[in-house]
Protein chains: 4
Amino acid sequence: MVRVGIVGATGYTAVELIEILLRHPDVKIELATSRSEENRPLSIEHGRLRNRIELNLEDLSPAEIAERVDCAFCCLPHAASAPVVSAMLDAGAKVVDLSADYRLTDADVYKHWYEIEHPDPDRLGTAAYGLPELFRDEIVNSALVANPGCFPTTAILAIAPLLMAGAIELADIIVDSKTGVSGGGRKPKLSFHFPECNESVLAYNVGRHRHTPEIKQVLSRLAGTEVDLIFTPHLIPMDRGMLTTSYLRAKGQHNDDQLLELFREFYDRCPFIRVSPQLPATKDSVRTNYCDISPRRVGDRIVVISCLDNLIKGASGAAVQNFNLMYGISETTGLLS
Amino acid sequence: MVRVGIVGATGYTAVELIEILLRHPDVKIELATSRSEENRPLSIEHGRLRNRIELNLEDLSPAEIAERVDCAFCCLPHAASAPVVSAMLDAGAKVVDLSADYRLTDADVYKHWYEIEHPDPDRLGTAAYGLPELFRDEIVNSALVANPGCFPTTAILAIAPLLMAGAIELADIIVDSKTGVSGGGRKPKLSFHFPECNESVLAYNVGRHRHTPEIKQVLSRLAGTEVDLIFTPHLIPMDRGMLTTSYLRAKGQHNDDQLLELFREFYDRCPFIRVSPQLPATKDSVRTNYCDISPRRVGDRIVVISCLDNLIKGASGAAVQNFNLMYGISETTGLLS
Amino acid sequence: MVRVGIVGATGYTAVELIEILLRHPDVKIELATSRSEENRPLSIEHGRLRNRIELNLEDLSPAEIAERVDCAFCCLPHAASAPVVSAMLDAGAKVVDLSADYRLTDADVYKHWYEIEHPDPDRLGTAAYGLPELFRDEIVNSALVANPGCFPTTAILAIAPLLMAGAIELADIIVDSKTGVSGGGRKPKLSFHFPECNESVLAYNVGRHRHTPEIKQVLSRLAGTEVDLIFTPHLIPMDRGMLTTSYLRAKGQHNDDQLLELFREFYDRCPFIRVSPQLPATKDSVRTNYCDISPRRVGDRIVVISCLDNLIKGASGAAVQNFNLMYGISETTGLLS
Amino acid sequence: MVRVGIVGATGYTAVELIEILLRHPDVKIELATSRSEENRPLSIEHGRLRNRIELNLEDLSPAEIAERVDCAFCCLPHAASAPVVSAMLDAGAKVVDLSADYRLTDADVYKHWYEIEHPDPDRLGTAAYGLPELFRDEIVNSALVANPGCFPTTAILAIAPLLMAGAIELADIIVDSKTGVSGGGRKPKLSFHFPECNESVLAYNVGRHRHTPEIKQVLSRLAGTEVDLIFTPHLIPMDRGMLTTSYLRAKGQHNDDQLLELFREFYDRCPFIRVSPQLPATKDSVRTNYCDISPRRVGDRIVVISCLDNLIKGASGAAVQNFNLMYGISETTGLLS
């Protein structure tokens, strides 16, 4: 039984994580923390947890957390996360960090995009990037896993097989994503106020979304050379679900069947990737840890549709998948129901 | 040309009002006020108004407003509204007040339900209650109209014809309402955060919603004696629209046809009431000033379905309808397109 | 391992049932039938099942089904269900029938409300009514369970504790329900076409919905005398979730705390009933087998809010709960994750 | 007073058209046709029209229509439209055709994409393409206007200014569109069944949507040479509204300010185009005839966001705008409220 804790447990990734962990046979949830909601029962904070877990939110120091758990899932915002993660690691806990703090490996890039000095630059680059479909081996041996962003997960899973097969140009990549509103977090803001975002769609952060350097970094690492791309996120009126349309310039002559074959082979041993000729709807993968992928040849381009649940395969499900690998537990435990 | 101003112009009733007034041939919008957003162009605050109106939000005193307009539409929250309304009236302006401040006629009832001393108790009872279908004559002669609440509008319009015909018991009235989220205002709150209220329905303020005494007061006035009722509002995942199901105990033998006839006669000269044997959907009246009503006999009860757009017939459309009456303009001007 | 089959597997209750049964450790899904979609893979018919089940839809006779399974979940429409259920029972299978065919015990009442002769009148009254919270003992010994309607489940669970405590009048019951669209089934109709029912709410079948006699029958049985009520369903723009507001006339002086206590005692051994002073949102119980209940005293009435997922506790989850009881499996198996 | 008729009046574009025309001071709606719903009152077919128009649907021949109206708005599906349009023109009526039948100028292209022989090939190329912002002069003199598709309107308005300024490469154009569900019409289909498309997003007709050749044809005409592009539509869970993200390869060095200037000059005399540095939400233009456009420089590409209401500027509003031009009425009449 692995003792785990949820650090920053008032948000959507936290409640999702708890629902998954309650199904996990090898885990005991020892604690859940919050600074602002100390002593509040988890089941009041999240009505879904009523009668399902008896735990009050606690305001704990990293050392206190590390004493009581083997592994911490850190759901704090970026910048707030690194100092806590760092202290918990120092105190001997393993950590899956769901924030952006350990995803980028270069402190300057972090500073440029997040507009703040990285709080723990020395540890940058030491975390495993928690995309098991590509970096399983690193995750297995890691005490710190940087859980990927939701947009990067959809984009990288869509592009990596083509890129590693040399099937596409590296300098002509367009990633157009559509996300549900839960990706914006649980803190009320005008942009996510129901009458503002319901019955509406918009593009945001055009050319300057913080997931851009993350996608670039991972694709460049895979390519062994600099990759360039444009990324545009769109907010659409649904709770959860994310769909990414990637436009790639083909180098070879792959037709639809060959593309399917290429993707299926690439993800042969990946239980959560479903490659299909049918164009996926996010509805099919929402509330599961699956990522659905469908590649298409269109003229001299390849269009790849990929989708998943931003809170599960894009966050908390991936976190548990990583946790399983870190602890030598079967990768799908707690995630296939 | 009547010069008008919008006091408190950052919310949903304000933008709705402006869209209606832009269509109104006899009105000139002179000003729009806001304390917090001073100098911000209206068309930035409300993207829908882009290219349609050149006006910056201003922070103005009641006296300054009264100097520049003939009539002010006051969209401030309750308690904040009365002092401003009072001062504008004193300075010679007419006012349509969309807040709750002048709807109740008894300062003690106001204090009990709104948990605050009324800021302008002496004027209580001097305002016309702005439901033209019932109180047209008072509105015509008034300098101050208290625009009704949205729930009360649906309930009173559904119940008044039966009550005034002596067709129902006065002590056995149940009003069950369903409203879209815009009724909760434009200020971000967790309850109205998209991922919280989307794909969900809940009852709120059971037995203690502030519109209860307003409905009671108006029905009691019409009945000439105390009326009692239960009112339960529900929040449903849509922008706008409101539907009320009223359960009344029949005193007579009215069947469906007789009920239709009774309602049609009652609302014979009311251009915005549509009585129909077809059960209405809110979609049919949303973005119009209509209220759809359909009465049904069920056993020893009469069930009346009434619906409207909470921001139009439930707020800003009614405000313009009242304004038209106050200024001797045809009642439907600006409201039938 | 109990071998089960899904009869009529193209609809929403079927896919929901399959998702639950895939998590159930004591069940093997042997077959899934459809007349119109024979040979189609289940995972094509329902994209959510991709990679999760290898089964093609089959067109099978009741005898063929009964030969291959121990228990059949019958998801056919009313009137189509009874002949198939009857033949499967005769051939030795147990059946959980999700249709309305065996819920009513009186063939005349069935004919009056469903406007058709009952296809299997002799078996009427022999089925257990599948509400374990009230009829657990009957279900345990039954070969045929009539799974309750979703509206009746919410209404009966809200009213039964008060009725059996003698706390309410039997002739003054109003049930006002709000349901998501999936309750209307998967067959495309104009009423459920997205642009028709999105952003809208309506009441339907006022005074004549077919769940009315089912609620009456069960409450009358519990009361030992005839109970009368009005039931009004409303369609609201969400996938799933159902909330019922029941208005009862109090006979005693129960206050809020006493009501809570009464409900908590009544449902003491019911793992899927959550009684709470907090007004529930459907979001908290959606995709679970829980029913949330919150009673309130309002004047001389008691208002009870009850809600659940219409496809789970209102259909497929209840079906598995009943199945567990029929087979001596722990009641919550497969249903608590 | 111009006498007009709506041919095929049961769909969403028809009801939208009628709502606009009811506001139009120079128009009298003489008739509305339907084969399947003959004699049904328009106000029953479309609940929104209750009390607003007294007209029954009629089943009329093209000759009968042409006798009673000056101008027909034809809202029939493609292939059904051309024979009726042709006959009405021959009988002397003017026509705005909202179908796809007269948009393409080449019968072979039509046959390739619509998989049917064009019913009236001789008239192909004689219709004005009803995008007043680009082809105002042709529309003014035309008896037949082919109203553009909704996707093409968003794409062409976004790309034309750059293309005509020589600011972009002609062979590297990606158009990624997101549309609400009403674009799919009013006929119930599983894809548009509420529980299927709510809370979900999907790409459809990747690489083979029928609006692709329409966009290509118009851009090629403007460029004076063949233009190539990829177009991908996505269905998102909202009633109406459409947003297009166009990715173009820059030829020059235009920065954001210069792009804004370029677009503003290009659309200087176009009352329904709103160019803005603020990224638009569809909510701001829904239920108006505006198209909002915001261009951005991102690396060596230009990203243009354009959006509008698919039923208004993308269909019925544009139809009335064209009608106004055909009849020498001010372009904005009936469209600015």
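Me: In this predicted model, a crossing counts as right-handed if the near helix is turned clockwise from the far one by less than a right angle. Is the crossing of α1(A) and α12(A) left-handed or right-handed?
Reply: The pair is helix α1 (residues 12–22) of chain A and helix α12 (residues 312–326) of chain A. As α1(A) passes α12(A), the crossing is right-handed.

Me: Which class gives seven residues to the contact of α1(A) with α12(A)?
Reply: From α1(A) come T13(A), E16(A), L17(A), I20(A) and L21(A). They meet I312(A), A315(A), S316(A), G317(A), A319(A) and V320(A) of α12(A). Three of the residues in this contact are polar and one is charged. The seven are nonpolar.

Me: How many charged residues are on the side of chain D that touches chain A?
Reply: Chain D and chain A each bring 33 residues to the contact. Elements giving two or more residues on the chain D side include β7 (168–179), β10 (242–250) and α11 (282–285) of chain D. By class, that side has 18 nonpolar and eight polar residues, and the charged ones number seven.

Me: Which helix of chain D gives the most to the side that touches chain C?
Reply: Here 15 residues of chain D are in contact with 15 residues of chain C. The chain D side divides into eight nonpolar, three polar and four charged residues. With three residues, the top contributor is helix α8 (residues 194–197) of chain D.

Terms used: Residues numbered from 1 in each chain as written. Chains lettered and ligands numbered in written order. Predicted model: local features only at pLDDT ≥ 70, side-chain atom pairs only at ≥ 80, totals over all residues. Contact = placed C-beta atoms within 7 Å. Helix = DSSP H or I, 4+ residues; strand = E, 2+ residues; numbered from the N terminus. Nonpolar A, V, L, I, M, F, W, Y, C, P; charged D, E, K, R; others polar. Axes fitted to C-alpha atoms, helices over the stretch in contact; angles between N-to-C directions.
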